[in-house]
Each structure stands twice: as C-alpha cells, then as structure tokens.
Amino acid sequence: QVQLVESGGRLVQPGASLRLSCAATGRTVNDVSVAWFRQAPEKERKFVAAINWGGSKMTSQAARFTISSDNAKRTVYLQMNSLEPEDTAIYYCAAASKVSTQPDDYTYWGQGTQVTVSS
C-alpha cells in the first residue's frame with residue numbers, strides 16, 4: 001500500500017514558476033515509481049513526468065518542467081517554469097511498479113492539487 005499527498009498548487013500569473021510536492025508513504029513505497037499527471041476541465045488525464053528512486057526519469061514537458069526526488073523524504077517534486085494558461089489543471093501524483101506514461105498502469109493516486117495560471 002502506498003499513500004500519496006500532493007501540495008503546492010495555487011493561482012499564479014503567466015510566466016511564473018511553481019513547485020509541486022508529492023509525499024509518498026506506505027509499506028511498499030520503496031518498490032514504486034512516482035509520476036505526475038494533469039487533468040484540465042473536460043479533458044483526459046495526461047502524463048507529465050515520472051521518476052523512480054534510482055533516479056531514472058522521463059517527462060513530456062522537458063523544456064519547462066523538471067521532476068526530481070528526495071529519497072530520504074520519499075518526496076517527488078515537479079518544478080514548473082514559464083507557466084502558461086494552458087497548464088491550468090489538477091495535478092495528480094501517482095505510483096506504480098514501473099515508470100509508465102499510461103494512467104492505467106498506476107495503482108495509487110493522490111487527491112490532486114489545483115494549479116491555475118491566469119492574469
């Protein structure tokens with residue numbers, strides 16, 4: 001079992017930066033990879049980035065978003081720069097046995113944190 005708690009979402013202006021955090025706990029937390037997905041209103045949930053505790057990572061927004069982890073804290077971060085209104089969405093943290101871009105591969109999900117980019 002893995003529990004995930006996201007934080008850091010808020011209203012920001014276009015061009016701003018924001019860092020989201022995902023704290024992972026649970027009996028099998030050492031065995032999972034952690035990813036960020038986002039879902040805008042009336043749109044499908046989309047992959048943003050993923051990482052495992054060994055440091056392997058992938059991202060769909062390499063130019064502006066960076067995923068990282070603090071293994072000691074079992075916390076995964078998503079650093080987002082040059083935010084655009086199109087980045088407005090609920091950002092979810094998810095955990096799976098391996099790094100994947102597919103939401104269906106993820107067993108554990110957090111509640112989500114709202115990011116709104118607007119002037």
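**Overall size.** I started with the radius of gyration of this predicted model. The protein has 119 residues, and a compact globule of that length would come out near 14 Å; the value here is 13 Å, which agrees. I then looked at the box that holds the C-alpha atoms, and along the principal axes the box is roughly 40 × 30 × 20 Å.

**Elements.** Next I went through the secondary structure. I found zero helices and eleven strands. Read from the N terminus, the order is simply β-β-β-β-β-β-β-β-β-β-β.

**Surface and burial.** How much of the protein counts as buried? I noted 39% of the 119 residues. The accessible surface is about 6,300 Å², and carbon and sulfur atoms account for 44% of that surface.

**Contacts and charges.** I looked at contacts between residues at least 6 apart in sequence, and 56% of these join residues at least 24 apart. For the charges, I have 12 positive and 10 negative ones, with their mean positions 6 Å apart.

**Ser 33.** This residue sits in strand β4, which covers residues 33-39. Is Ser 33 buried or exposed? Its relative accessibility is 4%, under the 20% cut-off, so I wrote it down as buried. Beyond its neighbours within four places in sequence, Ser 33 is in contact with Ile 51, Asn 52 and Tyr 106, and also with the run Ala 94, Ala 95, Ala 96, Ser 97, Lys 98 and Val 99. For Val 99 I also have a distance: its backbone nitrogen is 3.5 Å from a polar atom of the Ser 33 side chain. I checked Arg 10 as well, 23 residues from Ser 33 along the chain, and the two C-alpha atoms are 25 Å apart.

**Ala 96.** Ala 96 belongs to strand β9 and is buried, with a relative accessible area of 3%. Leaving out residues up to four places away, Ala 96 touches Asp 31, Val 32, Ser 33, Asp 105 and Tyr 106. Asp 31 is 65 residues from Ala 96 in sequence, yet their C-alpha atoms are 8.4 Å apart in space.

**Arg 38.** Back in strand β4, I looked at Arg 38. It is a charged residue, and at 14% relative accessibility it counts as buried. Which residue does its side chain meet in a polar contact? I found Asp 87, with 2.9 Å between the two side chains. The contact list of Arg 38, without residues up to four places away, includes Glu 44, Arg 45, Lys 46 and Val 48. Gln 61 and Phe 65 are also on that list, as are Glu 86, Asp 87, Ala 89, Ile 90 and Tyr 91.

**Phe 47.** I moved on to strand β5, where Phe 47 lies. Its relative accessible area is 13%, so Phe 47 is buried. Away from its sequence neighbours, Phe 47 is in contact with Ala 35, Trp 36 and Phe 37, with Met 58, Thr 59 and Ser 60, and with Ser 100 and Thr 101. For Ala 35 I also looked up the C-alpha distance to Phe 47: 7.8 Å, for two residues twelve apart along the chain.

**Ser 21.** My next stop was strand β3, residues 18-25, which holds Ser 21. At 17% relative accessibility, Ser 21 counts as buried. Its contacts beyond four places in sequence are Val 5, Glu 6, Ser 7, Trp 36, Thr 75, Val 76 and Tyr 77.

**Two loop residues with positive phi.** I ended with the backbone. Glu 42 has phi near 65°, a positive value in a residue other than glycine. Glu 42 is in the loop between β4 and β5, and at 87% relative accessibility it counts as exposed. Where is Ser 82, with its phi near 50°? I found Ser 82 in the loop between β8 (75-80) and β9 (89-96). Its phi is likewise positive in a residue other than glycine. Ser 82 has 41% relative accessibility, so it goes down as partly exposed.

Conventions:
Residues are numbered from 1 along each chain as its sequence is written. This is a predicted model: local features need pLDDT of at least 70, side-chain atom pairs count only at pLDDT 80 or more; totals for chains, interfaces and linings use all residues. Side-chain values use heavy atoms; hydrogens and water are left out. Helices (H or I, at least four residues) and strands (E, at least two) are DSSP runs, numbered from the N terminus. The radius of gyration is taken over C-alpha atoms; the globule rule is 2.2 Å times the number of residues to the power 0.38. Buried means under 20% relative accessible area, exposed over 50%, partly exposed in between (1.4 Å probe, protein chains only). Contact means heavy atoms within 4.5 Å. Accessible areas come from the Shrake-Rupley method with a 1.4 Å probe; for residues, only the protein chains shown count as cover. The place of a charge is taken as NZ of Lys, CZ of Arg, CG of Asp or CD of Glu. A polar contact is a pair of N or O atoms within 3.5 Å; within protein, one must be able to donate a hydrogen and the other to accept it, and residues adjacent in sequence count only if both atoms are side-chain atoms.
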